[in-house]
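Open the model in your viewer and keep the sequence panel beside it.

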Amino acid sequence: MPVSHDVVPASLTSVPAPKVSTDAEISALRAKKAEEQRKESAEYERQQQAERKRAEQEYLKQANTVVVTPRGKKYHYDTCQTLKGSYREMTIAQARRKGYVPCKVCDPPAQTVTLENSGGLYWGDNVYSRGKQVLDVD
Ligand SMILES: [Zn+2]
């Protein structure tokens, strides 16, 4: 049976012509690229915000944690040299409500530490340091 050479598979006849980008296509591609970059930087911004929020909360938690002893009338930093034996943690607000006053030796804050009254957190290159000043107002 003779093989027909007249029939060429359709796939060989429909090879597209070399693609030439038009100006419209190029600017559409550029717009798409710019949009992708905008999305990426928005996402980066969101991550930075989330990280900052987390760091602030961690800082405030630490800054407001003090310790009291079973018999003492004062609250302390847990590094206070006057601490002997057992102590337990609470927040400055809790300690004050229970009638504790700040220790004069380790000098913990006299009021709840907020970002505002502590000087806040300072950011640079993804690291932060906490403000030193705590206002003694209550
Ligand atoms: Zn103390």
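Select Val-68 and then Tyr-75 in E2: the two stand opposite each other. The model is predicted, so local features need pLDDT of at least 70, side-chain atom pairs count only at pLDDT 80 or more, and totals for chains, interfaces and linings use all residues. Residues are numbered from 1 along each chain as its sequence is written.

In E3, Arg-88 stands opposite Val-68. Now show the contacts of Val-68 (two residues are in contact if their C-beta atoms, placed from the backbone, lie within 7 Å). Beyond its neighbours within four places in sequence, Val-68 is in contact with Tyr-75, Tyr-87, Arg-88, Met-90, Ala-95 and Tyr-100.

**The sheet**

Select residues 65-68, strand E1, and residues 74-76, strand E2. They pair in the antiparallel sense over two bridges. Two strands pair if DSSP finds at least two bridges between them. Val-67 has His-76 in E2 as its bridge partner. A hairpin of five residues joins E1 to E2.

E1 and E3 run antiparallel, joined by four bridges. Strands of a sheet pair through backbone hydrogen bonds, either parallel or antiparallel.

In what order do the four strands form the open sheet? The order is E3-E1-E2-E4, with mixed pairing. Strand E3 (88-91) and E4 are the edge strands, and each pairs on one side only.

Select residues 101-102, strand E4, where you will find Val-101. Is Val-101 buried or exposed? Val-101 counts as exposed because it has 12 C-beta neighbours inside 10 Å. The cut-offs use C-beta atoms placed from the backbone: a residue is buried if 20 or more others lie within 10 Å of its own, exposed if 12 or fewer, and partly exposed in between. Leaving out residues up to four places away in sequence, Val-101 touches Lys-73 and Lys-74. Pick Gln-111 too: its C-alpha lies 9.9 Å from that of Val-101, ten residues apart along the chain.

**A loop stop**

Move to Asp-107, in the loop between E4 and helix H4 (115-118). Most residues other than glycine have a negative phi. Asp-107 is not a glycine, yet its phi is positive, about 55 degrees. Asp-107 is partly exposed, because 13 other C-beta atoms lie within 10 Å.

**The core**

Select Ala-63, Val-66, Val-67, Val-68, Tyr-75, Ile-92, Ala-95, Tyr-100, Cys-103 and Val-113. These ten residues are the largest nonpolar core. Such a core is a set of buried Ala, Val, Leu, Ile, Met, Phe, Trp, Tyr and Cys residues joined through C-beta atoms within 7 Å. E1 and helix H3 (92-97) each supply at least two residues of this core. E1 gives the most, with three.

**The helix H2**

Now select residues 23-63, helix H2. From first C-alpha to last, its 41 residues reach 59 Å, close to the 60 Å expected at 1.5 Å a residue. That expected span is 1.5 Å times one less than the number of residues. How many of the 41 residues of H2 are buried? The count is one, so H2 is hardly covered.

**Zoom out**

Of its 138 residues, 11% count as buried.
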